[in-house]
Amino acid sequence: MSDQQAIAPAPAWRRYSAAPPLLLVGSILLYVGVALWTGQTRMLETDGVIGLLQRMVGLGIVALGQTFAIIAGSIDLSVANLISVAAVLASFIMQGRADMMLAAVLIVLAVSALVGVVNGAIISRLQVSPFIATLGVGLILQGLLSASFTDFAGSVPKEFQLVAYSTFGVVPYSVAALFALAALASFVLWATRFGAHLYAVGGNAEGARLAGIRTDLVTIGAHVVCSLSAGLTGLYLASRLRSGAPWVGRDGVYDLESIAVVVIGGTLLAGGRGGVWGTLAGVLLFATLDAAFNMLGVSAYPKLVLRGAIVILAVAVYTFRTRGHVA
Amino acid sequence: MTVAIQGGRERARAVALVRRVNFAVVVFLALYVAVGLLQPNYLEPAGAMNFLRRAAPLAILASGQLFVLISGGFDLSVGSLVTLTVIGGSMLTANDPSKTWSTIAALYAIGLFVGLINGAVVAYLKTPSIIATLGTLLSVNGAAMMWSGGSPRGYLPDNFRMFGRFVFHDVPVIGIFPLAVAVLVAVCALAQWGLHGTVFGRRVLAVGDNPRAAELAGVRVEFVRLGVFVISALSAVTAGVMLGGFGGVSVDVGRGLELQAIAACVVGGVQLLGGRGTVVGAVAGALTLTALFALLTLLGLPQPLKDTAQGFILIAAVAIGAWRRRRAV
């Protein structure tokens, strides 16, 4: 990786990853092409497109947070388990009562933030590699959750279901929320001190420390953002499914898929480079693939095989020119 | 004076000796004694042999995963490959014992193919191995489901299952000797020789430590990467053949094994991102995890809380390892 560093500063356009526009164009072409080829042109009308965007929400929110963790040179494998915890906790506290909604949301977000602090502290203070630290925290969360709940727990009130099922005009709340969160995340990364510190720590942790940055706090901050986004995805799933179950996160493979879309979106797995719009474009690619497989009538298992191959190819498209070594 | 110096020297030598003993070995022995106190069967030779038999698949997976970890990568596809091996075994033999050997050969060929794909994607397409092997995990799982139609039927012939279940009786001293333990010993010896006794093993360590330096020293890094992923995949097929003898044919025999294998290596002091690790450590880590599961079962903990305990142990093992390294410098 180090041999890539040019002596002269790269021209301005080189600093922007080519991934987001490429993925966007590729996804649109794929979607439109498959819709026309199979003659399902109603998929190109408003409802079809909104449906496509709605597929992005669950994975999209958690992937935004995962982007923060990966830019800071970390990784979070506990998000799928935290999503389950958040969904179950929300519906268990609400028990179908509208007056408990605010309390439930606040408790879920507080628990998520706490998990983020624990993840970040284990990584930065105990010097445990992020892979093991978050894997361990995920196991702990999932174990506690599955020991306490074995089935759908409680339910969410009608009012809370509006989060997933209500719209502004034609745009669902959830889709609007996803793009609003993406804009906020983008602002934090580009225009705040915390964002700059994330890139600095991810690019060269020792250098950042020597420059006076409290790298431990930056790592903890990145994990708090990541865990909060997992908590939000859990709340969204509880709203959509009308109740939370201890397997909703794991069944969605949100841990590995969120990492995959971040990397497909052009964020460097080693940290220090990337952004949320690429991640969103990666999520769009996944949603488009799902939609395209459905239109083509590909059955569930071949879909899995193709999905795996596409994950590899999508990343390989722009890693294969890498000079130096990757492990 | 001289006495004091000698005492100091002896102490230094003793400390050096203690440092050289793998930490996981100590943890394993402590856990195993705890298990033995709760259930004295484990302290008899037959109980110990049975314990080793149950630990064998994870230990074999860990010694394969070890090569990939030392070279600086991850192999997340081994669990799905175990599943594919068991399901493929039942589909290919189709209840016909005479097809067992050709089936096993075919399964190893599949493993070789998956390993080569993983290695080639990482070495030539430069895709980070977490992503590359995650992709193969999804594909191989999908292939196993497709092959069996989602609900595997039938059973494996007895001569296929013998690798997991056959036991030699009336062996002197130890009483019984499971075939699985013989396979385990053979695989460990092979891994020990491959990693610590061959030029290839040295190169794996060198590549994990600093790939650029290894390349400048004349190591063909791509070949080493191909090699480690093939080794890992072949160990997964071996573990799969063995697990096929343990239980029935199901689509989730291999689920989560990749993370357990990585966890075993890490408990055994293997450094993630490469350059450091031993076969003794990986195997001791696998035995530690198996002893931990046995202990938690004896304590009557439900499966979910076992996962919780595993999470704690994993973090603690790595944190202690990191602390020991910081202190040693």
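I count two residues as in contact if their C-beta atoms, placed from the backbone, lie within 7 Å. The model I am reading is predicted.

**Entry 1: where the chains touch**

I looked up the interface first. On chain B, 45 residues are in contact with 40 residues of chain A. I then listed the elements of chain B that give two or more residues to this side: helix 5 (100–124), helix 6 (129–148), helix 10 (211–216), helix 12 (257–267) and helix 14 (303–328). Helix 6 of chain B gives the most, with 15 residues. I sorted the side of chain B that touches chain A by class and found 27 nonpolar, 15 polar and three charged residues.

**Entry 2: helix 14 of chain A**

I turned to helix 14 (residues 300–319) of chain A. This helix has 20 residues and reaches 29 Å from its first C-alpha to its last, close to the 28 Å expected. Its buried residues include Leu304(A), Arg307(A), Gly308(A) and Val311(A). I checked their partners: they pack against helix 12 (254–264) and helix 13 (276–296) of chain A, together with helix 5 and helix 6 of chain B.

**Entry 3: a crossing inside chain A**

I looked at helix 3 (residues 79–94) and helix 5 (residues 130–148) of chain A. Their axes come within 8 Å and cross at roughly 30 degrees. The crossing is left-handed. Among the residues that meet there are Val85(A) and Val88(A) from helix 3, and Gly138(A) and Leu141(A) from helix 5. By class, this contact has six nonpolar, four polar and no charged residues.

Technical notes
Residues numbered from 1 in each chain as written. Chains lettered and ligands numbered in written order. Predicted model: local features only at pLDDT ≥ 70, side-chain atom pairs only at ≥ 80, totals over all residues. Helix = DSSP H or I, 4+ residues; strand = E, 2+ residues; numbered from the N terminus. Nonpolar A, V, L, I, M, F, W, Y, C, P; charged D, E, K, R; others polar. Axes fitted to C-alpha atoms, helices over the stretch in contact; angles between N-to-C directions. Left-handed = near helix turned anticlockwise from the far one by under 90°. Expected span 1.5 Å × (residues − 1). Buried ≥ 20, exposed ≤ 12 C-beta atoms within 10 Å, placed from the backbone.
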